[in-house]
Amino acid sequence: MLKLPRWRVVLVIIFSVLGLVFAMPNVLPPNVREHIPTWLPHQTLNLGLDLQGGSHLLLEVDTETLHRNQLDNIAEQMASTLREAEPAIRYTGRGVVGDAARVRLIDPTEMRRALEVLRPISRSSTNGNEIIAFTEGADGAIEGRMTPASLRELSRQAAQQSIEVIRRRVDPTGANEINPVRQGENRIVVQAPGVSDPEMLKDRIGTTALMTFHMVREVEPGGALPPGTMLVQPDPEMGAQPEVVERRPRFTGERLVSATPSTDSQTGEFVLSFRLDSEGTRLFCRITRDNTGQRFAILLDNQVLTAPRINEPICGGSGQISGNFTAQSANDLAIMLRAGALPAPLTVIEQRTVTAELGQDAVDAGTKATLYGGIAVVLFMVLAYGMFGVLACLALVINIAMIIGVMSITGATLSLPGIAGLVLTMGMAVDANVLIYERMREEQANGRGPALAIDAGFARALVTIIDSHVTQIGVALILFWFGHGPVRGFAWTLSIGVVTSVITATLVTQFFIAIWFRLVRPQKLPI
């Protein structure tokens with residue numbers, strides 16, 4: 001007699017019911033889903049860019065600017081290290097020349113001691129690897145160059161940091177499912193399903209949004225710039241004038257806790273209100289107290305937003321920036337400042353728009369492919385194995401429901417490659433049944449009774465099924481690990497399908513056959 005352990009029956013019922021329940025919202029119209037009780041799942045499949053249309057951007061981190069900024073930081077680090085040496089090592093000519101940060105010792109005989117003092121900053125504080133190579137130049141010059149490995153790591157870190165900033169800028173609530181991903185060392189792919197205007201994305205992503213606070217140095221028109229200062233141009237929309245400011249900012253926008261658009265209570269103009277953290281409040285209070293009567297400038301991406309005069313110490317940790325803001329520009333600037341600054345400018349390498357019509361065409365084509373594939377599989381199984389083929393197809397329906405259910409609750413995105421993975425999974429699911437049924441045929445041909453042939457078919461085919469599916473899981477994991485975008489979608493769908501097909505082929509189909517066997521009590525298997 002063919003018997004199934006009770007735990008297998010319970011597992012089959014649980015898996016089947018959960019799969020159908022979680023897949024159900026995908027086949028219900030929106031007005032019906034709204035009336036589903038709150039304790040039942042509502043989540044449906046997320047459609048990818050190729051299915052519902054949207055915008056696609058391929059961005060590249062400006063590594064030259066990034067390298068230049070990093071060399072400027074290294075030059076400053078070299079100078080401060082020499083100043084803080086005991087006794088201090090005098091230098092001049094701090095700056096960046098070509099691909100090197102450079103300082104020049106006033107007394108070249110201190111070269112050996114200077115190189116010894118700089119040695120600690122040449123290695124990473126985290127892993128101890130060399131990140132800066134110092135060389136001795138002519139006339140007491142010391143040059144610091146980044147190693148190739150540290151340059152690559154800098155690009156990777158900048159791309160990763162940019163991803164987080166982009167995500168906060170274009171999808172601050174996380175509801176639009178815009179998921180920037182890194183491609184290679186310094187490129188980023190941004191796909192925005194449902195966004196038909198890529199220019200909006202570019203405007204919001206493309207600004208570095210680095211806010212810095214500098215003291216203004218009053219200089220006679222046409223006079224030479226004092227050491228340590230720079231001439232900065234006004235923001236075109238602000239209508240201010242060029243200002244000479246200290247090169248080094250007193251502090252940066254990293255100290256911002258919040259930035260919100262608002263209106264001035266006296267003039268009614270749109271302004272940007274901001275609030276600083278405790279350290280920023282302390283710095284701002286000290287700066288305004290020590291420089292009362294002077295002017296300070298707020299720069300955004302090295303352009304002057306405003307340069308007001310400090311009338312009294314400001315120690316409340318909040319303020320507002322006025323200018324020719326509109327409601328939209330004030331809101332956009334607030335979003336960018338809250339998201340943080342990009343570590344380097346981004347260049348648009350590729351820009352594509354997938355229209356909704358094209359997305360619908362893709363949905364229709366994918367639906368047809370899935371339908372035709374399913375019909376072909378059903379016809380083959382019924383013609384080849386009769387009643388057992390029908391039972392395998394019932395298990396296949398549960399398998400598809402489980403795949404859709406798992407993808408819905410995990411928030412996975414279904415794209416065209418994902419549909420390909422779904423169709424491929426349908427073939428793999430019945431392939432396991434083919435192995436089992438062929439084994440049953442052999443056992444029956446060798447003279448075994450129906451119950452023993454069924455048991456032997458499942459038991460002896462199981463090892464082969466497990467082997468083949470483990471191999472497929474390995475391939476899917478490799479695709480998921482190294483792939484991006486649609487490739488990952490295909491790998492994710494394939495991985496879910498491999499696991500669910502093992503469950504349905506070995507447990508669900510066996511459950512159906514056991515019920516059929518108890519009802520029919522056959523003398524010979526119809527296979």
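What you see is a predicted model, in which local features need pLDDT of at least 70, side-chain atom pairs count only at pLDDT 80 or more, and totals for chains, interfaces and linings use all residues. Residues are numbered from 1 along each chain as its sequence is written, and side-chain values use heavy atoms, leaving out hydrogens and water.

Salt bridges, then. I mean a side-chain nitrogen of Lys or Arg within 4 Å of a carboxyl oxygen of Asp or Glu, and the count here is 15. One of them joins Arg 295 to Glu 218, at 3.1 Å from N to O. That pair links distant parts of the chain, 77 residues apart: Arg 295 is in the loop between H8 and strand S15 (296-300), and Glu 218 in the loop between S9 and strand S10 (229-234). Helices (H or I, at least four residues) and strands (E, at least two) are DSSP runs, numbered from the N terminus. So are these two partners buried or exposed? Arg 295 is buried at 12%, while Glu 218 is exposed at 56%.

Now for a pair within one helix. Glu 443 and Arg 439 meet at 3.7 Å, N to O. Why about one helical turn between them? Because they sit four residues apart in helix H12 (residues 416-445). Glu 443 is buried at 3%, and Arg 439 is partly exposed at 29%. Both belong to a salt-bridge network that also includes Glu 442, Arg 448 and Arg 460.

On to the disulfide, meaning a pair of cysteine sulfur atoms within 2.5 Å. A search of the whole structure finds one: Cys 285 with Cys 315, sulfurs 1.9 Å apart. It connects helix H8 (residues 278-290), which holds Cys 285, to the loop between strand S16 (303-306) and strand S17 (318-325), which holds Cys 315, 30 residues away. The link is right-handed, with 60° about the S-S bond. Cys 285 is buried at 12%, whereas Cys 315 is partly exposed at 40%.

That's my tour, and I'm happy to go back to any of these pairs on the screen.

Key. Buried means under 20% relative accessible area, exposed over 50%, partly exposed in between (1.4 Å probe, protein chains only).
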